Amino acid sequence: MDKPVTAEISLAHAARDAMRIVRQVAEIDTGKIGTSRHAKKQMSERDIVFRDLERVLRLGDHCTLEHPNPKFRPEFGSKDGEVKIVVTFKARGMREIAAATIVVTASKRIFVKTVMWSDER
């Protein structure tokens with residue numbers, strides 16, 4: 001059964017707001033960016049440094065509800081005020097990096113759950 005259209009509109013709006021927070025935090029307050037052990041391990045295995053992750057968060061864009069890979073689509077988090085988005089960015093000469101990110105909208109904090117190449121399966 002399909003989700004109600006109003007829920008999808010609300011989620012799309014929340015994802016846009018979350019992306020705005022991600023850009024703002026990545027630009028001026030990187031101390032509010034947390035990373036899981038898993039994300040750190042993935043970054044190490046892929047030779048992605050924190051500076052690359054900052055660039056993804058600052059310059060990238062979030063995947064929308066129409067993204068072909070369902071794992072990349074935004075969703076509400078398990079707690080109130082959380083939005084899960086995947087932010088992608090492709091720097092010149094590199095593969096596109098994707099960061100699965102939980103944004104806590106009230107405190108404007110970011111938690112990066114995992115980092116991957118966006119073409120990984």
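**Notebook: contacts, cores and backbone angles**

**Entry 1. Arg55.** Leaving aside neighbours within four places in sequence, I found Arg55 in contact with Gly60, Phe89 and Ala91. I note at the outset that this is a predicted model. I placed Arg55 in helix α3.

**Entry 2. Confidence.** I looked up the pLDDT values next. The protein chain averages 89, and 93% of the residues score at least 70. Which elements have the lowest and the highest mean pLDDT? I recorded α1 as the lowest, with a mean of 87, and α2 as the highest, with 96.

**Entry 3. The largest nonpolar core.** The largest nonpolar core contains 27 residues. Among those with the most contacts inside this core are Val22, Ile33, Leu57 and Val115. I listed the elements that each supply at least two of its residues: the helices α1 (5–28), α2 (37–45) and α3 (50–59), together with the strands β4 (82–89), β5 (97–104) and β6 (109–117). Which element gives this core its largest share? I found that α1 does, with eight residues.

Entry 4. I examined Leu57 as one of the core residues with the most contacts. I then noted a second, separate core of six residues, which includes Cys63, Val86, Ala98 and Ala100.

**Entry 5. Two positive phi angles.** Asp47 has a phi of about 55° and is not a glycine. I located Asp47 in the loop between α2 and α3. Its relative accessibility is 65%, so Asp47 counts as exposed. Lys108 also has a positive phi, of about 55°, and is not a glycine. I located Lys108 in the loop between β5 and β6. Is Lys108 exposed or partly exposed? Its relative accessible area is 36%, so I recorded Lys108 as partly exposed.

How values were computed:
Residues are numbered from 1 along each chain as its sequence is written. This is a predicted model: local features need pLDDT of at least 70, side-chain atom pairs count only at pLDDT 80 or more; totals for chains, interfaces and linings use all residues. Side-chain values use heavy atoms; hydrogens and water are left out. A nonpolar core is a set of buried Ala, Val, Leu, Ile, Met, Phe, Trp, Tyr and Cys residues joined through side-chain atoms within 4.5 Å. Buried means under 20% relative accessible area, exposed over 50%, partly exposed in between (1.4 Å probe, protein chains only). Helices (H or I, at least four residues) and strands (E, at least two) are DSSP runs, numbered from the N terminus. Contact means heavy atoms within 4.5 Å. pLDDT is the predictor's confidence in each residue, from 0 to 100.
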